[in-house]
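Subject: Structure handover

Hello,

Here is the structure I promised you. Please open it first, then read my notes below.

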Amino acid sequence: MMMMMKKEGSLLRIIIAVTLTLLFCFLTADSEVRCIESERHALLNFKQDLEDPSNRLASWTAAAASDVDCCDWIGVVCDNRTGHVLQLHLATFYPLYDELTDDAQWRAQSKAHERSRFGGKINPSLLDLKHLIYLDLSYNDFGGTHIPKFLGSMGSLRYLNLSHAGFVGLIPHQLRNLSNLQYLNLGLNYYENNNLYVKNLQWLSGLPLLQHLDLSYANLSQASDLLQEINKLPSLSELRLSYCELSDFIPPPIPSSINFSSLTTLHLSDNYFENTSILFWVFGLHNLVSLDLSWNDFQGPIPVHLQNLTSLRHLDLQGNSFNSSIPNWLYSFSHLEFLNLGDSILQGTISSAIGNLTSAISIDLSSNELEGKVPRSLGSLCKLREIRLSSNKWGQEISEIFESLSGCVSNGLEILEMDSAQLSGHLTDELGKFKNLVILSLGYNSISGPIPLSIGNLSSLRSLDLESNQINGTLPQSFGLLSKLESLNIGFNMLEGVVLEVHLANLMRLKTLVASQNRLTLEVSDNWTPPIQLNTLVLGSWNLGSKFPLWLYSQKQLLSLDISNAGIIDAVPPWFWNLSSQFDYLNISHNQIYGEIPQIPLILSYDAVIDVSSNNFTGPLPCISSNVIFLDLSNNLLSGSISHFLCYKMNESKFMEFLNLGKNLLSGKISNCWMKWQRLFVLNLENNNFTGKIPASIGSLVNLQFLHLYNNKFSGKHLSLLKNCTDLVTIDIGKNEFDGSIPKWIGHRLSSLKILSLHSNNFYGQIPDELCALSSLQILDLSHNKLSGSIPKCVNNFITMARNNNSISPFYFYFFVSPDYSAMILESELLVIKGNSLEYSTTLGLVNIIDLSNNNLSGEIPKEVASLQGLQSLNLSFNILTGRIPENIGDMRSIESIDFSINQLSGQIPQSMSSLTFLNHLNLSNNNLIGRIPSSTQLQSLSTSSFFGNKLCGPPVTDNCTINYVKPNIENKRSKGFGGHMVDWFFVSMALGFVVGFWVVLGPLLWNKQWRILYFQFLDHLGYKLSGVVAQTWYSIVSKCCKILNI
């Protein structure tokens, strides 16, 4: 009985407790839970020290507590019961980039991300958020500050993400106090070449619950205890240590001491380990599911010990130097879903055993040296969704590829990338069978023929790239069926015909259209409004008609536009210039567009490109936004001063890297406003009418590589202003009015110089020997100056000219905008070679010339010149050089043009000149050369004018050596003297008579001024008298003729 009563009492207490609990829950559910006042103040203090350029935290207001609940603020998550702040989600969205990303849209999103990032400082008021378990400040910009030490006092944290937020310096050891932490991400932190770093990792031992650790980009080179400390994390499942400078990492002597039994994901990419042997501890991690060893530049074959990791589903070995074939054991990984072996110098063929990878979803073998045929067994991998085989040597017809993949893989294949794969043949209707294709990339091959109509069957297609093939015919109307298409690239093919509105009618999702360098004509009605809103439109070399395309007015989202060389002969409508603020790429060059360019003060993009070159624009230079990085206004009719352009918004730094104002009608002096243009790599002001001296501030262009001031009226001696421009590759200041001596410092300070063109100025003095230190020099043009002295004997130090190598890459300026948008701007130079003035660009890197003509150089041609075996043109004409042509001139194996004309060279033409097999232009005229012309195909095929004004004989001149140079017996007419040499007294007396007669007549005139005046008055009078006689005689003759003809 007693027992019954106890049980009933206990049951009653339980019922009462449950009732009270339900009542409490009901009451609290009915009442409104608001954030804690102290925590609201903590958040406001935190906001106060944050920089929020886009006002993302506008909802975080300091209004009365009764009006504001901080639990409703952006990024704040509170406990539903207590109102305590539990989570802060303050990451800034970072745009993803993949094969489907539109370049222009990605650039715009990247700029939007930069403008919306938080910055400033992290206020310690966060310590008042005692219940905070989640803090995410990733993808912000805290400007190179240190991770706050006080974060180690936030003991409730379970999730801390500070990745990609601009933190640098020592990772604080106070983080060891976060004993509840399960997720820690400090990866991708860097700022101005500084990173996070550690001296040791002992602080990790205080994080026993840690499951995810990311220290990517942190410098761990001093952490000798790396594995020992990480080994103390029993729950660790994900470890990411990419780009941690572990190249010298030494693993523990006994790998068996490492026991990461819970580890399933390991990323060690970009560490450049010395060899694979230091990874033996990795090969024992049998529970690994994901392993990333990419971009470590491992040498030798793929490590055989990887075959022990049979649980792998994700294996990334991209970016190594295996320099071997794919091992057969790799094909036995039946659980493998993602395999990336790209960029690894793999050779040989793909085995048919690849068909054993039955779980494979994605296979990437791109950018290797694989050859042979794509095996048919690849088509039997029914789960396969992504195949990337680009940049290999398949050498197959595209129809064979389609046939090999015609198995069950064709039903589910979503990505097929085989660009730059040496494919040929025609696109066939087999293409239409791959109905689930989302991405098809076949660019940079030799595929020919028309685009098949079956392409309209690819209803899931979102990206199509056929760029740089030989595809011809017209654009099929079945393109209009690709309603999901977002990106289309058919540029650089041989397509022709007319593109109509119907081709684009159903492409509602199209964002990128690249179709330049075809022979296509767009025919649309005047009032056509495209049904698409493009981000990128590239129609260079299309025929768009003579009128400016008015349908562009509807493209409100356009960021990148190229309608260059499109046959437009019209003025630009004002509304188009208003659109320019949204562009990050604009190219309307090589048309006949006229009118004035208005001011473009506002451009949102920080790296905008504007090319309006080769048109008929007139008027003054426009003022341009400081955000423009590339500006080409060359080859127009722009006039006036440059001052307002240069000095516009001098309080702002200019982002400009490329500036070309050449070939216009600009004039006046250059303002001293270059201080804010320090990012310039290329400056071209050639072919204008600029005058005056170079301003001092041009010396602040410390990044300048290419300087073109050719054909202006600049003057002065101020080349010393370029002393600080030590990266210069090209200096072309020819055809100006500079004077003074050539600075000696050029040879030592401008070690990268490849082109030095000072021709057609007023430089005087000697050529300094210091120029010989320019070992990279390929073009030296000092012609048409007033230089004197001898040619430096050290010319053999021009190492590039001495190399007999025709594989030198062209001169170019590499212009980078985004990871997938860049351009190579070729350098060009006007050169005089073989007597012709030609502009070189694509082949400029192959040209090696020296032109010292039209100066006052004296002395002999140094024999060291002949050591320049890579030299193609040597011009020393119009000087006063003496002596013989170097006997070893035949060593100049690459020489094509030699001009030694109008000097005082003597002796015979060296026999070695006959071995110059590439020589096709030679001018030795007007010297004192004698003897027989050496025999060779090149020399005998030259014009006789090449040898005019000498005493030469033999072909190709008409003088016969055997007849004209027989020595007659004239001993009875000559006397011997002067050491036995024959003397012809006739010529001696004639010379003496000439000298005596000359000074008898002219001597008195030179010494007596009055006689000189009378003599010249006599000559003037005689001239007038003769002219009168001639005129009277001529008049008499004409009169008689008129009478005879009755005129």
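First, the ground rules. This is a predicted model, in which local features need pLDDT of at least 70, side-chain atom pairs count only at pLDDT 80 or more, and totals for chains, interfaces and linings use all residues. Residues are numbered from 1 along each chain as its sequence is written, and side-chain values use heavy atoms, leaving out hydrogens and water.

Disulfides

The structure holds six disulfides (pairs of cysteine sulfur atoms within 2.5 Å). Numbered in sequence order, the bonded cysteines pair 1-2, 3-4, 5-6, 7-8, 9-10, 11-12.

One of the six links Cys-382 to Cys-408, S to S 2.0 Å. It is left-handed, at -95 degrees about the S-S bond. Cys-382 sits in the loop between β19 and β20, and Cys-408 in the loop between α5 and α6. Here helices (H or I, at least four residues) and strands (E, at least two) are DSSP runs, numbered from the N terminus. Cys-382 is partly exposed at 44% relative accessibility. For burial, buried means under 20% relative accessible area, exposed over 50%, and partly exposed in between, with a 1.4 Å probe and protein chains only.

Cys-647 and Cys-673 form another disulfide. The torsion about their S-S bond is about 85 degrees, so this disulfide is right-handed. The two cysteines are 26 residues apart. Cys-647 is partly exposed at 28%, whereas Cys-673 is buried at 12%.

What about Cys-623? Its sulfur lies 9.8 Å from the closest cysteine sulfur, in Cys-647, which is too far for a bond. Cys-623 is buried, with a relative accessible area of 9%.

The sheet

An open sheet of four strands runs in the order β23-β25-β27-β29, with parallel pairing. Strands pair if DSSP finds at least two bridges between them. The edge strands are β23 and β29; each pairs on one side only. Two bridges join β23 to β25, and two join β25 to β27. β27 and β29 pair over four bridges. Val-499 stands opposite Leu-522 in β29.

A buried glycine

Gly-187 lies in the loop between β8 and β9. Gly-187 is buried, at 2% relative accessible area. Not counting residues up to four places away in sequence, Gly-187 touches Ser-163, His-164, Asp-214, Leu-215 and Ser-216; contact means heavy atoms within 4.5 Å. Gly-187 and Ser-242 are 55 residues apart in sequence and 8.6 Å apart in space, C-alpha to C-alpha.

Best wishes
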